[in-house]
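Open the structure in your viewer and keep the sequence panel beside it. This tour goes from one selection to the next and says what is there.

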Amino acid sequence: MTLVTGDEDGSNAPHEDRPPSRAKRWEYGKFGGEHAPVPGWLRPHLAEPRWSMIAVLLVAVILQLLLPDSFVLRPRSAAPAIELVLCVILLIGNPGPVHDRHPALRPISLALISVLAATNAVSTVLLLDAILTGSVVTADKILASGASIWLTNIIVYALWYWEFDRGGAAARAGVRSQTPDFLFPQMADARLDPDFRPTFLDYLYVSFTNATAFSPTDTMPLSRWAKVLMMSQAVVSLVTVGLVAARAVNILPS
């Protein structure tokens with residue numbers, strides 16, 4: 001699939017007022033034919049709001065606060081407080097659709113995800129250490145903590161995918177890059193949804209399926225960084241689920 005650039009007839013008339021030219025044609029080969037229109041994900045559009053990202057971040061903060069003291073970074077209130085402050089800054093700086101008119105907001109968003117990722121990584125290590133060293137922990141605590149850390153991990157990787165795919169939400173809205181890092185089914189065949197544009201929910205789904213299947217399902221990673229991230233998520237998920245399940249089964253009352 002290639003987007004053909006260059007307008008042979010040199011016309012500057014709007015796309016809607018003239019037949020599709022070479023500059024306005026997406027060639028799908030067998031999928032869309034020679035004169036298939038440009039698909040939705042390659043057309044400039046208004047970016048999605050940040051509320052979905054903030055909503056799942058708040059869920060992650062709640063999951064962190066519910067973890068036992070033995071599985072959290074000390075002081076336990078420090079990381080959640082930082083995350084909440086950064087969430088408020090992002091909402092005040094850009095309450096509507098994501099844009100890049102305030103360039104400092106993207107580093108803040110990445111810092112927020114990094115804090116969440118680091119905190120959850122520490123919790124994962126502490127949980128695995130308790131399992132491997134045979135610490136006296138009840139099965140209920142092991143299962144609940146493992147589920148909380150696993151769900152937070154899904155949120156963390158969904159946020160990474162959303163922030164980095166084709167440069168982030170603002171860059172995708174402006175179509176700064178035509179090379180996707182993730183190939184969703186609707187992008188491979190525009191007949192499924194000609195107006196499809198990936199949103200945060202799509203990346204959350206990718207993260208969830210990768211964490212449960214330990215491999216890509218219907219959405220394929222194309223860039224090397226996407227493959228590395230998905231591979232690391234699958235490894236962390238596999239180790240966490242495997243060890244937590246094995247330990248919990250061994251200490252469950254008969």
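**Stop 1: the whole chain**

Show the chain as a cartoon, and keep in mind that this is a predicted model. The chain has eight helices and four strands. Starting at the N terminus, the order of elements is β-β-α-α-α-α-α-β-α-α-β-α. Of the 254 residues, 43% count as buried. Among contacts in the chain with a separation of 6 or more, 70% are between residues 24 or more positions apart.

**Stop 2: helices H1 and H2**

Select residues 51-66, which are helix H1, and residues 78-93, which are helix H2. Two packed helices are described by the angle between their axes and the distance between the axes. Here the axes come within 10 Å and cross at roughly 165°. An angle over 145 degrees counts as roughly antiparallel, and H1 and H2 are therefore roughly antiparallel to each other. Their crossing is left-handed.

Now show the side chains where the two helices meet. On the H1 side, select Met53, Ile54, Leu57, Leu58, Val61, Gln64 and Leu65. Their partners in H2 are Pro80, Glu83, Leu84, Cys87, Leu90 and Leu91. The residues of this contact comprise eleven nonpolar, one polar and one charged.

**Stop 3: arginine 76**

Move to the loop between H1 and H2 and select arginine 76. Is arginine 76 buried, partly exposed or exposed? Its relative accessible area is 25%, so arginine 76 is partly exposed. Apart from neighbours within four places in sequence, arginine 76 is in contact with Gln64, Leu65, Leu66, Leu67, Pro68 and Asp69. Next, select threonine 119 as well: 43 residues separate it from arginine 76 in sequence, and the C-alpha to C-alpha distance is 9.7 Å.

**Stop 4: the aromatic rings**

Select Tyr157, Trp160, Tyr161, Phe164, Phe182, Phe184, Phe196, Tyr203 and Trp225, which form one aromatic cluster. The count of aromatic pairs comes to ten. One of them is phenylalanine 184 with phenylalanine 196, a tilted pair with 5.7 Å centre to centre and 55° between the planes. Why does this pair tie together parts that are twelve residues apart in sequence? Phenylalanine 184 lies in the loop between strand E3 (182-183) and helix H6 (185-188), while phenylalanine 196 lies in the loop between H6 and helix H7 (200-213), so the pair joins those parts. Phenylalanine 184 and phenylalanine 196 are both buried.

Technical notes: Residues are numbered from 1 along each chain as its sequence is written. This is a predicted model: local features need pLDDT of at least 70, side-chain atom pairs count only at pLDDT 80 or more; totals for chains, interfaces and linings use all residues. Side-chain values use heavy atoms; hydrogens and water are left out. Axes are lines fitted to C-alpha atoms, for helices over the stretch in contact, and angles run from 0 to 180 degrees between N-to-C directions. Angles under 35 degrees count as roughly parallel, over 145 as roughly antiparallel, 65 to 115 as roughly perpendicular and the rest as oblique. A crossing is left-handed if the near helix is turned anticlockwise from the far one by less than a right angle, and right-handed if clockwise. Contact means heavy atoms within 4.5 Å. Ala, Val, Leu, Ile, Met, Phe, Trp, Tyr, Cys and Pro count as nonpolar, Asp, Glu, Lys and Arg as charged, and the others, Gly among them, as polar. Rings of Phe, Tyr and Trp (its six-membered ring) pair if their centres lie within 6.5 Å; planes under 30 degrees apart count as stacked, over 60 as edge-to-face and the rest as tilted. Buried means under 20% relative accessible area, exposed over 50%, partly exposed in between (1.4 Å probe, protein chains only).
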